[in-house]
Amino acid sequence: MVLDRDIRLTILGNTGVGKTSLIKRMKGDDPTVTEKSMEINVEKKKISLLSAVKHSKLSLERYRKYNVIAVDTPGDFKLRRKWREAMRKYKTDGMLFMLDPSQPIETQRVAMEDSFNYFLDSLSLDPDKADKKARQKKTLFFFVVNKMDTIDYNLEQANRFLSNFSMVIDDYKMTFPFAAFEQAFISVLESPYEEINEIFEKCKEALY
Ligand SMILES: Nc1nc2c(ncn2[C@@H]2O[C@H](COP(=O)(O)OP(=O)(O)OP(=O)(O)O)[C@@H](O)[C@H]2O)c(=O)[nH]1
Ligand SMILES: [Mg+2]
């Protein structure tokens, strides 16, 4: 239908951070049982964003549906070479990078650097061409800190956790000057649906 729009997101992050669980939550499936992902898996869901009702009856936005096409990737270090393919083949609109405050920072920093490099590779294997494309690309980098239930963090501590990654994120910002940057702090297992929905609302705002 002409009112539909696609939001193509590649979900990246170290193994066990909760990527597959988030997608299950998005789909309304039970997120409590997951297995380590070994392959790229594409899940689609059509959603009406909760903000739609705020628009007037005359606004198209009130009736618009979004197809969230979520590309789930394996986070295991040895399987990360699939990330390039996941972003290239499914022409990603943006990356949703998940973090887990209970995992070591350094390991996750490496995963964040890997996702940056594979994103560039997905644009072109020639580094100069990839850099040039990156400079023109409108895309989205969404950093999602998950498992907020497992730690006794307030928002200030959560922000401090995220600040451990600020040097890598600054590299993203310099390389992709037209990209939008977002962040969220959630618990895939415990956050109310509104908080999960809010992630897709922000994706929509960044991309359309
Ligand atoms: N306590 C808690 N556990 C979570 C949360 N989100 C995910 N988990 C658990 O974390 C474990 C790993 O979750 P997955 O979704 O399989 O992680 P993944 O990122 O897909 O991992 P790979 O497929 O190996 O890359 C599972 O046992 C989940 O139940 C959360 O918000 N809180
Ligand atoms: Mg998984």
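Helices and strands are here DSSP runs, of at least four residues (H or I) for a helix and at least two (E) for a strand, numbered from the N terminus. On that basis the protein chain has seven helices and six strands. The model is a predicted one.

**Overall dimensions**

- Taken along the principal axes, a box of roughly 50 × 45 × 35 Å is filled by the C-alpha atoms of the protein chain.

- The six strands form an open sheet of mixed pairing, and their order is 2-3-1-4-5-6.
- Strand 2 (41-47) and strand 6 (180-185) are the edge strands, each pairing on one side only.
- On average, and with direction ignored, neighbouring strands of this sheet are turned by 20° against each other.
- Strand 2 and strand 3 (residues 66-72) run antiparallel and are joined by seven bridges.
- Lys 46 has Asn 67 of strand 3 standing opposite.

**Helix 3 and the sheet**

- Helix 3 lies across strand 1 (5-12) and strand 4 (94-99).
- The angle at which helix 3 runs to strand 4 is about 170°.

**Helix 3 with helix 6**

- Two packed helices are described by the angle between their axes and the distance between the axes.
- For helix 3 (residues 105-123) and helix 6 (residues 166-175), the axes come within 10 Å and cross at roughly 10°.
- Angles under 35 degrees count as roughly parallel, and helix 3 and helix 6 are therefore roughly parallel to each other.
- Helix 3 contributes Arg 109, Met 112, Glu 113 and Phe 116 to this contact, while helix 6 contributes Val 168, Asp 171 and Tyr 172.
- By class, the contact of helix 3 with helix 6 comprises four nonpolar and three charged residues, with no polar ones.

**Helix 3 with helix 4**

- The axes of helix 3 and helix 4 (residues 127-136) come within 8 Å, with a crossing angle of roughly 100°.
- Angles of 65 to 115 degrees count as roughly perpendicular, and that makes helix 3 roughly perpendicular to helix 4.
- Leu 120, Asp 121 and Leu 123 of helix 3 meet Ala 130, Lys 133 and Ala 134 of helix 4.
- The contact of helix 3 with helix 4 divides by class into four nonpolar, no polar and two charged residues.

Methods: Residues numbered from 1 in each chain as written. Chains lettered and ligands numbered in written order. Predicted model: local features only at pLDDT ≥ 70, side-chain atom pairs only at ≥ 80, totals over all residues. Axes fitted to C-alpha atoms, helices over the stretch in contact; angles between N-to-C directions. Parallel < 35°, antiparallel > 145°, perpendicular 65-115°, else oblique. Contact = placed C-beta atoms within 7 Å. Nonpolar A, V, L, I, M, F, W, Y, C, P; charged D, E, K, R; others polar. Pairing = 2+ DSSP bridges.
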